[in-house]
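Hello,

Here is the structure I promised to pass on. Please open it alongside these notes.

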Amino acid sequence: TLFVLSIAWFSLTGTVHAASCQLDNALPDPRPVRADWQNKNTKTDYYALALSWSPQHCANPQMRNRNRFQCQLNQFEFVVHGLWPQSTGARDKFGHPRHCRDDKPLSRELVRKHVCTVPGADLMQGEWIKHGTCAFDRAENYFGKIEELWAQLSKPSLQSSTRRALTIGDLKESFVAANKKQGLKAEHLVVWVNNRGYLREVVVCYDLKYRFTRCAMSGTPDHQALRVRLN
């Protein structure tokens with residue numbers, strides 16, 4: 001089913017996730033991360049804040065079973081995948097800064113402080129090691145910046161909808177309308193879908209001073225129809 005994004009029915013809030021987040025007393029400690037590839041000397045030209053659409057992530061039974069906190073204990077909408085240092089010269093994902101240094105596992109206290117925004121101990125550990133170490137001295141500063149950007153960005157809720165056609169451009173325009181006062185434009189956004197056209201992630205691009213900037217990466221074309229999986 002295709003769902004339309006009409007600005008009139010959007011619920012615009014930056015606190016929906018935190019307000020509905022249930023912390024698990026048995027939240028596991030993060031596991032060590034093995035380097036997949038390393039670009040520790042690559043220059044960072046801009047940052048990408050990747051927002052995942054949680055219902056789509058949790059629709060995969062394997063992911064649902066693996067990510068109990070995100071997919072069973074809670075029902076999120078948009079969540080933060082990570083904050084990624086990016087290189088404008090990268091020709092593919094292997095060309096961006098990555099895994100710049102090893103570091104100790106995140107503390108349980110740090111995980112509990114930010115897991116309602118970046119939902120998972122292993123996810124947090126992986127994002128810190130793969131991306132955060134390329135731009136931040138301390139994990140506390142990395143996740144603090146994520147929380148700052150997350151709080152400044154109004155995220156449309158897609159839970160209420162009317163049944164008409166929706167495009168990638170419609171989704172971008174809804175984000176632009178919600179963040180007009182902050183100066184967000186469509187060129188500052190990239191949308192990614194899966195191979196069936198379902199919403200996977202929205203990426204917001206920032207310059208090195210964390211002001212919105214044009215995204216150098218490619219995404220799904222604006223004219224393409226978009227499908228949105230709801231909880």
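Ser 54 sits in helix H2, which covers residues 54-58. Keep in mind that this is a predicted model. Is Ser 54 buried or exposed? Its relative accessibility is 1%, so Ser 54 counts as buried; the cut-off for buried is under 20%. Setting aside neighbours within four places in sequence, Ser 54 is in contact with Gln 70, Phe 76, Glu 77 and Val 79.

**The sheet**

An open sheet is built from 4 strands, in the order E3-E2-E6-E5, with antiparallel pairing. Strand E3 (78-86) and strand E5 (189-193) are the edge strands, and each pairs on one side only. From one strand to the next, the twist averages 20 degrees.

Strand E2 (residues 46-53) runs antiparallel to E3, and 8 bridges join the two. Ala 48 has Trp 84, in E3, as its bridge partner. Helix H8 (residues 168-178) packs on this sheet. H8 touches E2, E3, E5 and strand E6 (199-206). The directions of H8 and E5 make an angle of about 140 degrees.

**The whole chain**

There are 8 helices and 6 strands in the chain. Along the sequence the pattern reads β-α-β-α-α-α-β-α-α-α-β-α-β-β. The chain has 231 residues, and 50% of them are buried. Take the contacts between residues at least 6 apart in sequence: 79% of these join residues at least 24 apart. The accessible surface is about 11700 Å², and carbon and sulfur atoms account for 46% of that.

Best regards

Key: Residues numbered from 1 in each chain as written. Predicted model: local features only at pLDDT ≥ 70, side-chain atom pairs only at ≥ 80, totals over all residues. Heavy atoms only, no water. Buried < 20%, exposed > 50% of the residue type's maximum accessible area, 1.4 Å probe, protein only. Contact = heavy atoms within 4.5 Å. Areas by Shrake-Rupley, 256 points an atom, 1.4 Å probe, with all protein chains shown as cover. Pairing = 2+ DSSP bridges. Axes fitted to C-alpha atoms, helices over the stretch in contact; angles between N-to-C directions.
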